[in-house]
Amino acid sequence: KIMGQIKRGALIVVEGLDRSGKSTQCKKLVQSLEKHNVKAKLMCFPDRSTLTGKLIDEYLKNKECKLNDHAIHLLFSANRWENVDNMKALLDDGVTLILDRYSYSGIAYSAAKKNMSLDWCKYPEIGLPKPDLVFLLTLSNEESLKRPGFGTERYENVEAQRKVAKVYSQLCNENDNWVVINAARSIEEVQKELVQKCIEKIDEVKMVPLGVLQ
Ligand code: Z5A
Ligand code: MG
């Protein structure tokens, strides 16, 4: 506490294509931060455990599941809105949140589809807590194909991934709190860079009010 005010936690997001190593890095990041005496918690989107999460899980796993592109987009967004109060309470309590995907996945995967406007895709995210830092893990197609787990879920094909990558780079250019991370290195090398940047950011924002997505 400083002058009666608890330092807030930082909101840190890890984004990137399929198999870029987000989940691996996020899990390690929470452990690394705890070793640095930082209170940290992992959150994953989609959160498949909630009501909307169960619908999303079905949509991703079952390609026969026909759901309008706008409708599924709103479900992914609702899945984040369901978590807002919880996120804010934790951040207020001084806990740093490490998010494995967030609004930018929502925007990038939907806007990559035919007849989906980028602006429309951004709209339902307005008002959600704004990340203090976004890591974009980048990996070439060749590198990602070498990694295990080329899944069978929706979007897990080269063409979809290429389009999503384009939207990600557009979002990266529009925002000043994004850092591009070369994910084609060892797990340890990538982790080292992420930890260092997180520690700096946590200190930088601890007394700064949390922003909202515009
Ligand atoms: N989606 C959406 O449309 N709208 C939204 O709002 C949101 C999401 C939030 C499910 O996401 C889908 O939902 C996703 C976007 C869409 N569709 N796609 N594609 P998800 O997060 O549940 O699943 P995913 O991210 O696609 O897959 P992933 O397999 O979890 O990727 P990852 O987390 O980035 O990778 P990983 O699991 O950490 O690593 C993959 C493998 O590589 C694994 O065997 C690791 O051991 C290995 N690995 C990791 N790092 C390295 C390094 N550095 N070297 C070598 N090998 C490594
Ligand atoms: Mg993952």
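This is a predicted model: local features need pLDDT of at least 70, side-chain atom pairs count only at pLDDT 80 or more; totals for chains, interfaces and linings use all residues.
User: Is histidine 36 buried or exposed?

Analyst: You will find histidine 36 in the loop between helix 1 and strand 2. A residue is buried if 20 or more other C-beta atoms (placed from the backbone) lie within 10 Å of its own, exposed if 12 or fewer, and partly exposed in between. Histidine 36 has 11 C-beta neighbours inside 10 Å, so this residue counts as exposed.

User: Is arginine 101 buried or exposed?

Analyst: Arginine 101 also lies in a loop, the one between strand 3 and helix 5. Its phi is near 75°, a positive value in a residue other than glycine. Because arginine 101 has 22 C-beta neighbours inside 10 Å, it counts as buried.

User: And asparagine 115, is it buried or exposed?

Analyst: Look in the loop between helix 5 and helix 6 (118-122). Asparagine 115 has a positive phi too, about 60°, although it is not a glycine. With 6 C-beta neighbours inside 10 Å, asparagine 115 counts as exposed.

User: In what order do the five strands of the open sheet run?

Analyst: Two strands pair if DSSP finds at least two bridges between them. The edge strands, each pairing on one side only, are strand 2 (40-44) and strand 6 (178-182). With parallel pairing, the five strands form the open sheet in the order 2-3-1-5-6.

User: Which residue of strand 5 is the bridge partner of valine 14?

Analyst: Strand 1 (residues 11-16) runs parallel to strand 5 (residues 133-138), and five bridges join them. Strand 1 also pairs with strand 3, over four bridges, and there valine 14 is partnered with aspartate 100. On the strand 5 side, the bridge partner of valine 14 is phenylalanine 135.

User: How many residues of strand 1 are buried?

Analyst: In a regular strand the side chains alternate between the two faces of the sheet. In strand 1, Leu11, Val13 and Glu15 point one way, while Ile12, Val14 and Gly16 point the other way. Strand 1 is mostly covered, and the number of its residues that are buried is six of six.

User: Which residues come nearest to ligand 1?

Analyst: A residue is near a molecule if its C-beta atom, placed from the backbone, lies within 6 Å of it. Helix 1 (22-35), helix 5 (103-111) and helix 9 (187-205) each supply at least two residues of the shell around ligand 1. Of the 24 residues around ligand 1, those that come nearest are Gly21, Ser23, Thr24, Gly106 and Tyr109.

User: What is the radius of gyration of the protein chain?

Analyst: The protein chain has nine helices and seven strands. The radius of gyration is taken over C-alpha atoms, and the globule rule is 2.2 Å times the number of residues to the power 0.38. For 214 residues the rule gives 17 Å, and the chain comes close to this, so it is as compact as a globular protein of that length, with a radius of gyration of 17 Å.

Methods:
Residues are numbered from 1 along each chain as its sequence is written. Chains are lettered from A and ligands numbered from 1 in the order in which they are written.
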